[in-house]
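Welcome, and thanks for having your viewer ready. Let's walk through this chain one selection at a time.

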Amino acid sequence: MEIQPKKEYVAEDDTKESVEHLIERRVPWLFVGLLGGILATLIISKYEAILSADVRLAFFIPVIVYLSDAVGTQTETIYVRALTFKKTRFWTYIFKESVVGVGLGIIFGLILAVFAAYWLKSSAIGFVIGLTFLINLSLAPILAVIIPSVLYKRHSDPALGSGPVATIIQDLISLLVYFTVVSIIIF
């Protein structure tokens, strides 16, 4: 009995594929995102009392989710490209991107903390926003490297599945971090 070598993932040329095939390949990943979006909605609804007590906290949900996703997407795009050229060292990449995430978390956390404190005249909300950004932007790159790595090792297209999966997981983490920080510091 001959042992077959592991099949390696090979990128497809989407310009040569039919539209139906492209839709077929994308729908399962986007369906995961849809289910995650429903879960995010349910998570936010669990914090209705907090949002009712201070509706100003809702103002920051879009920027918290967006910036966390954007940092993750940048990392993920660069990492998937590196996977394609087989120029990756997983632990080196995780470490370096984690340091980048902390740096971005400090920069954007400070900017938004000052903005929130000044605009809303609340140092508590400013602190919550700053701390939330520090935590979320520090975590986003780690997730953005792990998910494509797992997909690549499972011989799935990391360019196709990583975005939707990483985005929704990051959204859920961002919301949970935000509301946990709010619960601990303000309520």
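Start by selecting aspartate 54 and arginine 56, which form a salt bridge with their closest N and O atoms 2.9 Å apart. A salt bridge here is a side-chain nitrogen of Lys or Arg within 4 Å of a carboxyl oxygen of Asp or Glu. Aspartate 54 counts as buried because its relative accessibility is 15%, while arginine 56, at 26%, is partly exposed. (Buried means under 20% relative accessible area, exposed over 50%, and partly exposed in between, with a 1.4 Å probe and protein chains only.)

A note before moving on: this is a predicted model, where local features need pLDDT of at least 70, side-chain atom pairs count only at pLDDT 80 or more, and totals for chains, interfaces and linings use all residues. Residues are numbered from 1 along each chain as its sequence is written, and side-chain values use heavy atoms, leaving out hydrogens and water.

By the salt-bridge rule the count comes to two. For the other pair, select aspartate 157 and arginine 25, which meet at 3.0 Å, N to O. They sit 132 residues apart, aspartate 157 in the loop between α5 and α6 (158-185) and arginine 25 in helix α1 (residues 19-46). Both aspartate 157 and arginine 25 are buried. (Helices are DSSP runs of H or I, at least four residues, numbered from the N terminus.)

Next, select α4. Among its buried residues are Tyr93, Glu97, Gly101, Gly105 and Gly109. Finish at lysine 121, which follows α4 and has a positive phi, near 55 degrees.

Notes. Helices (H or I, at least four residues) and strands (E, at least two) are DSSP runs, numbered from the N terminus.
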